[in-house]
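Hi everyone, thanks for making time this morning. Please have a look at the model on the screen, and then I'll walk you through a few places in it.

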Amino acid sequence: MEKHNTKWFNVECVPQCFTFSKEERPGDAPIPICNKIPVIDLGKSQKIETIKQLLQAGQEFGFFQVINHGIPKNVATQTMSTFEELFNNMTDEEKVNVPTRKGWIFTGSEEEVKNGVHLWRDNIKHPCHPLEKCMQSWPDKPPTYKEVVGRYVAEIRKLSLTILELIGQGLGIESGYFDEQSEVQLLSANNYPACPDPSLTLGILKHLDPSLITIIYQGNVSGLQVLVDGKWMWIDAVPNAFVVNIGNQLEIISNGMLRSVMHRAVTNSKEARTSIALFVNPTPNSIVEPAKVLLNDSNPPLYKSILYKDFINASKAFGAHTDVIQNDA
């Protein structure tokens, strides 16, 4: 792509290099909001009912949203503002120099290519575990980045353990199983600028997550779509809620009881959207396999055991930068 001084997305029409095939692009057909995907109140005292809702959502949709989750609203909004500032103010020179630094990766629209077409997004990724060590290598700008994002990651860690413990109880897995077998390993934040024709472009192609669970904050702008019964549907942007999706590693541990489901990110023509995803993964040296408590003669293992880091390396689960992320983690 030709280098230029203005922002890459300040165009009147979508360039050919951002135009996906008819099979992959969203198209003009209206896509409904999926009202069936539950918004689960984690603050309720009826834990049995909460566990039931989590399992049902994981079985039917692979997605749910959580409210009354214990994370202060200002923690989420300050983190969102920090990423918006990073994406808005990062210079071309800073973007070019990022690959030489250890600790975080920035991929702009010019480098981000899927099937020969560029994604309509900018993205930053970096490891988060162990948190104190990783924070030292995170971006220096904005000046509050390390403090604000570090606090956010710590809060998400607590939320992830709550969700995984409840799911584990529902599956019959021993209490505390995920305390030692999981970590908030990777952060991926995306900026999707307003697009003159969202029917042609994608922010992220359809995919499954290589995580136990992924916890997403999408603020007040929708852009996440999930495949439900073979049809794409919107996940609504619920105020102060977090979207949680089941990753393929938790699908394995549950022996298929919980589902990892295809999802994608789309653009819109009215306003930019920023999303923050934290991947709660198995520890690199843990063996991922169906939980033995779930197995019997009538429910044999559906998946083979695998070392998590071997799975990531073999599948290149984090894209072109998998090796760097794995080495930094």
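Let me start with a term: a residue is buried under 20% relative accessible area, exposed over 50%, and partly exposed in between, using a 1.4 Å probe and protein chains only. By that rule N240, at 27% relative accessibility, counts as partly exposed. Now the ground rules: this is a predicted model, where local features need pLDDT of at least 70, side-chain atom pairs count only at pLDDT 80 or more, and totals for chains, interfaces and linings use all residues. Residues are numbered from 1 along each chain as its sequence is written, and side-chain values use heavy atoms, with hydrogens and water left out.

Let's stay with N240 for a moment. You'll find N240 in the loop between β11 (231-234) and β12 (242-246). When I name helices and strands, I mean DSSP runs numbered from the N terminus, with H or I and at least four residues for helices, and E and at least two for strands. N240 is not a glycine, yet its phi is positive, at about 55°. As background, most residues other than glycine have a negative phi, and most peptide bonds are trans. N255 is another non-glycine residue with a positive phi, near 55°. N255 sits in the loop between α7 (248-253) and β13 (263-265), and with a relative accessible area of 4% N255 is buried.

While we're on the backbone, which peptide bonds are cis, with omega near -5°? One runs from H129 to P130, and another from K141 to P142. P130 belongs to the loop between β6 (122-127) and α4, while P142 is in the loop between α4 and α5. That loop between α4 (131-135) and α5 also holds P143, which counts as exposed at 76% relative accessibility. For a sense of distance, P143 and L202 are 59 residues apart in sequence and 31 Å apart in space, C-alpha to C-alpha.

Next, helix packing. Two packed helices are described by the angle between their axes and the distance between the axes. Helix α1 (residues 47-60) and helix α5 (residues 145-171) have axes that come within 9 Å and cross at roughly 90°. So α1 is roughly perpendicular to α5, a label for angles of 65 to 115 degrees. The axes here are lines fitted to C-alpha atoms over the stretch in contact, and angles run from 0 to 180 degrees between N-to-C directions. On the α1 side, K47, T50, I51, L54 and L55 make the contact, and on the α5 side I163, L166, I167, Q169, G170 and L171 do; contact means heavy atoms within 4.5 Å.

I40 is in strand β1 (residues 39-41) and counts as buried, at 0% relative accessibility. Leaving aside neighbours within four places in sequence, I40 is in contact with T50, Q53, L54, F64, Q65, V66 and I67. I40 and A241 are 201 residues apart in sequence, and their C-alpha atoms are 9.4 Å apart in space.

On to the core. A nonpolar core is a set of buried Ala, Val, Leu, Ile, Met, Phe, Trp, Tyr and Cys residues joined through side-chain atoms within 4.5 Å. Which members of the largest core, with its 75 residues, touch the most other members? They are I163, L187, F242 and L250. Helix α5 gives the largest share of this core, 11 residues. Not counting residues up to four places away in sequence, L187 touches F83, I124, K125, H126, C128, Y145, V149, V153, I276, A277 and L278.

Last topic: how many salt bridges does the structure hold? Three, where a salt bridge is a side-chain nitrogen of Lys or Arg within 4 Å of a carboxyl oxygen of Asp or Glu. K146 pairs with D140 at 3.2 Å, N to O; K146 is partly exposed at 23%, whereas D140 is exposed at 60%. E155 pairs with K158, with the closest N and O atoms 3.5 Å apart. These two are three residues apart in helix α5, so about one helical turn separates E155 and K158. E155 is buried, at 15%. Finally, E289 and K292 meet at 2.9 Å, N to O, with E289 partly exposed at 25% and K292 exposed at 61%.

Definitions and conventions: Angles under 35 degrees count as roughly parallel, over 145 as roughly antiparallel, 65 to 115 as roughly perpendicular and the rest as oblique.
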